[in-house]
Amino acid sequence: MATCLPALRAWSARLRAACSSRDELLRYVHTEGNSQGGHSWSNEDLKPSPPHMTNWQWYNFCLFWFGMGFGNWSLGSTIVGAGLTWWQATIVVWIAAFVAGLCMALNSRAAANYHIGYPVILRTCFGMYGHYWPVCARGACAMLWVSILNFQGGAFVSTMLRCVIGKRWDNLGSQFPPSVGTSLQRFIGFLIFWAIELPFCSLRPNRLRWLYTFKAWTLPPSVFGLLIYCLVQSHGQLASDDALANASARPRGAALAWLVVSSINSTMGNWSTFIANMPDFSRYATNPSAVMWTHIVFVPFPAALGGMIGIFGTSCLQRAWGVTLWNQWDLLDAILEHSWTPPARFGVFLLAFCAALFNFGSILGANLLPFASDATALFPAYVNLTRGMWFCCAVSLALMPWKLLASADGFLAFLQGYGIFMGPTAAIMVADYWIVRRGNIHVADAYTSAPGARYMYFHGFNVHALTAYFCGMMIPFVGFVGRFGITVPKAATRCDEIGWYVSAVVAGSVYIALCCFRPLNNVDKSLGWEELAREFAESPMGAAKEGVEMLNKGGAEVRYLQVV
């Protein structure tokens, strides 16, 4: 409260000042440095993060992923349901999580070195205008997921209210008609969860460390507690693999090998957006080493352990109750049905709170922040991170997620297959920074579209990057279309089943090959590995001086953001 009141008074003072004159109103409506309106490439959230905001230590990233990993209770549902045994599913999760962690580490280094976010890094490899497509692609998906995860979080809030209010919660006087697509209880839970989320839209990641620390200390005990309950119910016995699987027969030979490969790809869907999103968090890292081994180690370990716990817990209850419950909200409701006692209600309340907390952290880190970051790139003169998060949160309410979920398998198939659009983006970002540029980014040039500017390429588009993206995305795209009921060749379906890997590997390889065959003109081969990164770290004014020199050479009058 002591922190909120000064912020509220400051906002009130700015609002009063905005009503005093036209100039003050424009200053209030536009973002920092853009009071005159017009096109801009910068604002307070697009420029490099100042030193006081780079406060994420290595242990903050460890805690971040420790809390994220233990929320994967239902991660094994599709894998075991497809026909794999529990130990095969565990290996699949380990492999997918390790690959994801390695990719996150590689894609985080540029942001950790130069303290710039996802959109600005995209400008350096896709071009000043070419970066708009990957920004729009990520932002649209993030908005949809915010709405859906808010509804799921509302389900846990509804369970908490049921534990507190009792049977009266099940017997509310009025109910929605079936055509609405949700119950009154779920809708109330959704509204409460959404309302709690709103104030957090005013907090940037440098002010959210405490939330992920709290989440890391509360979620693992709750998951282990739920597992213990499940073990007690089944007296420590597990159900057979056949009882958990949807498959009529166990795959063997080549069928089993392909199922493992495709399951690794589908498991990657849990982290594919994070691979592209991590620059928006890593920009706040104190140093590059804080984002390397922390991702390589702390992404796979908690994720695999959380997935195993979910498989064991579900197996125990299948043995004890004869039902397979993968979704946690269904599991918690089932616990209340089997044991309507004060201790059980209190325990379920705590479990629902921790599960809602997991959803809360996922919404902020994996969806709200990415959307807001993308919105700042599209409308830098009007939108910053906080405004973008508020806007996304408001729209998520209007999307009516219960309608989206009820509309169909096609909509869910679209979200599940979205990795083919994000994989090429991440691969090109990694290849460009690590191999093509060898860690050297001229930060100042990422804020100007003056003729001849370093990252303008061909009329603002890096043809190499766009060609590589198209090649990577198109190979699994035919199979992706087949998800919507359209008949496609079996080979295309196979490509879609490993779509993230295919799209990422092809895009990265094609980009490197094109840059070798026809080197980019804006890459200085004389620079050593991350030479500009060291200069940037030692002298924050270096980038600004470099930008001024560039403008002087070009002879063009361009507004430029001072990188301090």
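The lining of the largest cavity is made up of 7 nonpolar residues, 3 polar residues and no charged ones, where Ala, Val, Leu, Ile, Met, Phe, Trp, Tyr, Cys and Pro count as nonpolar, Asp, Glu, Lys and Arg as charged, and the others, Gly among them, as polar. The model is predicted, so that local features need pLDDT of at least 70 and side-chain atom pairs pLDDT 80 or more, while totals for chains, interfaces and linings use all residues. Residues are numbered from 1 along each chain as its sequence is written, and side-chain values use heavy atoms, leaving out hydrogens and water.

The residues that line this largest cavity are Gly71, Leu219, Ser222, Val223, Leu226, Gln328, Leu351, Cys354, Ala355 and Phe358. Two or more of the lining residues come from each of helix H9 (209-234) and helix H17 (342-378), helices being DSSP runs of H or I with at least four residues, numbered from the N terminus. The largest cavity holds about 80 Å³ of space, and a search of the whole structure finds 8 cavities of 30 Å³ or more. A cavity is a set of points on a 1 Å grid over the protein atoms alone where a 1.4 Å probe fits but cannot get out, and its lining residues have an atom within 4 Å of a point; the volume is the space filled by probe spheres set on the points, which are joined across faces, edges and corners.

The axes of H9 and H17 come within 9 Å and cross at roughly 140 degrees, with axes fitted to C-alpha atoms over the stretch in contact and angles running from 0 to 180 degrees between N-to-C directions. H9 and H17 are therefore oblique to each other, since angles under 35 degrees count as roughly parallel, over 145 as roughly antiparallel, 65 to 115 as roughly perpendicular and the rest as oblique. Where H9 meets H17, the residues in contact (heavy atoms within 4.5 Å) include Leu219, Ser222 and Leu226 of H9 together with Leu351, Cys354 and Phe358 of H17. By class, the residues of this contact between H9 and H17 are 12 nonpolar, 5 polar and 1 charged.

H17 also packs against H7, at an angle of about 160 degrees and with the axes 8 Å apart, and H7 and H17 are therefore roughly antiparallel to each other. The contact of H7 with H17 comprises 25 nonpolar, 8 polar and 3 charged residues.

Helix H7 (residues 132-165) has a further partner in helix H16 (residues 328-338), with an angle of about 15 degrees and axes 10 Å apart, so H7 and H16 are roughly parallel to each other. Among the residues that meet there are Gln152 and Arg162 in H7 and Gln328 and Asp333 in H16.

Key: 1 Å grid on protein atoms, 1.4 Å probe; cavity = no way out; pocket = protein on both sides within 12 Å on 5 of 7 lines; lining within 4 Å.
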